[in-house]
Amino acid sequence: MTGIVALYIFMLAAFTGYEVISRVPVILHTPLMSGSNFVHGIVLVGAMVALGNAHSPLEKTIGFFGVLLAAGNAVGGYVVTERMLEMFKSSKAPRSAPGER
Amino acid sequence: MPATPAPWSAGSLIQASYFVTAVLFITGLKRMSSPVSARSGIIWAGAGMLVATLVTFAYPGMSNYPLIGAALVLGAALAWWSGKRVAMTNMPQMIALYNGMGGGAAASIAAVELYRGGSGGAVGTTLAVVGGLIGAVSFSGSAIAFAKLQGLIKRSIRFPGQQIVSLLLLAAALLQGVLEVAHPGGSGVYVTGLLIFALLLGLAMTLPIGGADMPVVISLYNALTGLAVAFEGFALHNAAMIIAGTVVGSAGTLLTQLMAKAMNRSLGNVLFSGFGEGSVAGGGEVSGSLKTIEASDVGVMLAFAQKVIVVPGYGMAVAQAQHKIWELCQLLIDRGVTVRFAIHPVAGRMPGHMNVLLAEAGVPYDLIGDLEEINGEFDTADVALVIGANDVVNPVARTDKSSPIYGMPILNADRAQNVIVIKRGQGAGFSGIENALFYLDNTRMLYGDAQKVGSALIAAIKALG
């Protein structure tokens with residue numbers, strides 16, 4: 001990938017992110033922030049590659065924490081977003097019984 | 001040192017999979033921006049993540065698989081456990097925490113690549129340095145945001161010359177970065193310096209910011225982590241990271257602007273003014289006295305009202321009162337009272353925080369109005385029921401130019417015939433500003449935990465038969 005192609009990707013992705021979010025209703029702001037938080041959990045693949053190419057004990061230690069943190073970002077982001085969006089499932093019709101409490 | 005194998009020439013399966021991942025992410029985010037399809041959105045994005053993660057095991061030239069597997073399982077298990085356990089009211093700080101982890105991961109990638117001597121030449125090293133700097137700031141900054149919202153840090157820590165210290169730390173981190181680019185593959189001392197200064201910068205930037213501004217700060221760090229991931233993606237020639245990171249970077253920036261706009265403050269103001277604590281509370285004195293009322297009287301007032309507008313705030317979240325409040329409102333609706341919920345964009349600790357809680361309790365969308373929709377309706381409301389909200393209903397924001405919140409759009413709760421304020425105690429709100437609403441002639445204070453007060457109100461209305 002040449003630098004200029006990378007720049008094109010960067011520009012197009014930036015516009016995409018802006019457009020995707022620009023029409024979002026306020027009620028979805030928190031779930032969407034959580035969802036985008038999950039999406040940057042893709043850092044996991046980079047962390048895996050970094051650890052996979054680490055050699056010295058220092059590199060391996062840092063790489064280990066990198067993968068650990070990235071996995072936390074991805075899985076945690078997914079779980080909380082899913083839990084939040086779960087609540088929007090059947091809210092068209094008023095529900096009578098509140099959940100567990 | 002063996003160079004990183006150039007992934008662009010590696011298996012086309014990996015490239016194709018990353019392409020699919022990018023498509024799934026963008027589709028997922030798109031679906032998440034509409035209430036009807038939101039739930040499926042996260043599943044699309046999740047599928048993308050799964051594809052990318054699995055295919056990365058087939059990346060050429062990798063070793064340390066046991067370490068990768070162990071870190072993956074450990075991190076995933078901890079996050080799964082904590083994410084399933086956390087209460088809905090604590091979502092904002094969990095998002096801050098997971099976001100900080102992402103920033104830390106980006107910084108770790110930069111550290112490993114740079115300690116290893118890098119392979120991308122000056123451009124690659126520069127990108128790794130910038131990503132590492134941003135990632136480390138996001139890591140320590142998000143950790144502070146988490147600690148503040150979780151109540152681990154109670155006060156904002158301020159000292160004279162704070163902004164100068166931040167600027168010096170930024171300059172020091174940048175200097176280390178420049179030295180690293182100029183001397184690639186050196187002893188690694190510049191990398192260490194870069195990361196330490198960046199981590200300190202995150203602390204120095206976030207410690208002085210008050211809790212009221214945390215939604216904006218978390219959103220900003222979310223965007224920053226996205227950018228850091230994109231930069232590390234450039235350094236690693238990883239298209240999935242570039243696209244996902246950039247999309248989050250721009251979407252997060254927009255979201256941050258929307259939030260800052262709702263508070264009528266610029267981002268610079270949020271970061272550098274130190275608003276949000278009692279110590280800077282300004283504005284004129286408020287005259288008048290607080291008038292209290294009993295729950296039984298409020299019950300009667302609500303039961304015989306034509307129209308009630310509920311204004312929920314952080315106090316409702318803290319008391320976990322959303323179920324009780326909805327139960328109360330259903331009773332009122334059964335009696336023929338028109339009930340609406342008015343949500344201020346920055347009520348609670350995150351934009352949409354109140355919507356999430358009300359959705360959890362089962363409140364239908366059509367009863368919920370945002371600022372513009374509902375502000376005209378307060379004039380015709382018999383009762384505005386303010387539950388643990390404070391600054392977002394403070395009329396001082398309209399009138400008092402010396403107030404720190406002057407100009408912030410507020411909900412016009414003061415225009416209702418009667419205003420009932422349910423509040424834990426007599427203290428000021430998160431911003432520390434006296435609320436003129438509480439002293440109005442048509443306002444009555446109902447002190448107590450929102451959940452207990454809710455129960456008392458339900459009992460009072462049921463007693464009416």
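Q: Which residues of α3(B) are buried?
A: They are B:Ile68, B:Ala71, B:Leu72, B:Gly75, B:Ala79, B:Ser82 and B:Gly83. Buried means under 20% relative accessible area, exposed over 50%, and partly exposed in between (1.4 Å probe, protein chains only). This is a predicted model, where local features need pLDDT of at least 70 and side-chain atom pairs count only at pLDDT 80 or more. Residues are numbered from 1 along each chain as its sequence is written, chains are lettered from A, and side-chain values use heavy atoms, without hydrogens and water.

Q: Why is A:Phe15 called exposed?
A: Its relative accessibility is 54%. Exposed means over 50%, so A:Phe15 counts as exposed.

Q: What makes A:Glu86 and B:Arg39 a salt bridge?
A: Their side chains meet at 2.8 Å, N to O. A salt bridge is a side-chain nitrogen of Lys or Arg within 4 Å of a carboxyl oxygen of Asp or Glu. A:Glu86 lies in helix α4 of chain A and B:Arg39 in helix α2 of chain B, so the pair joins two chains.

Q: Why is B:Asp414 called buried?
A: Its relative accessible area is 15%. The cut-off for buried is under 20%, so B:Asp414 is buried. Its salt-bridge partner is B:Arg398. At 32%, B:Arg398 counts as partly exposed.

Definitions and conventions. Helix = DSSP H or I, 4+ residues; strand = E, 2+ residues; numbered from the N terminus.
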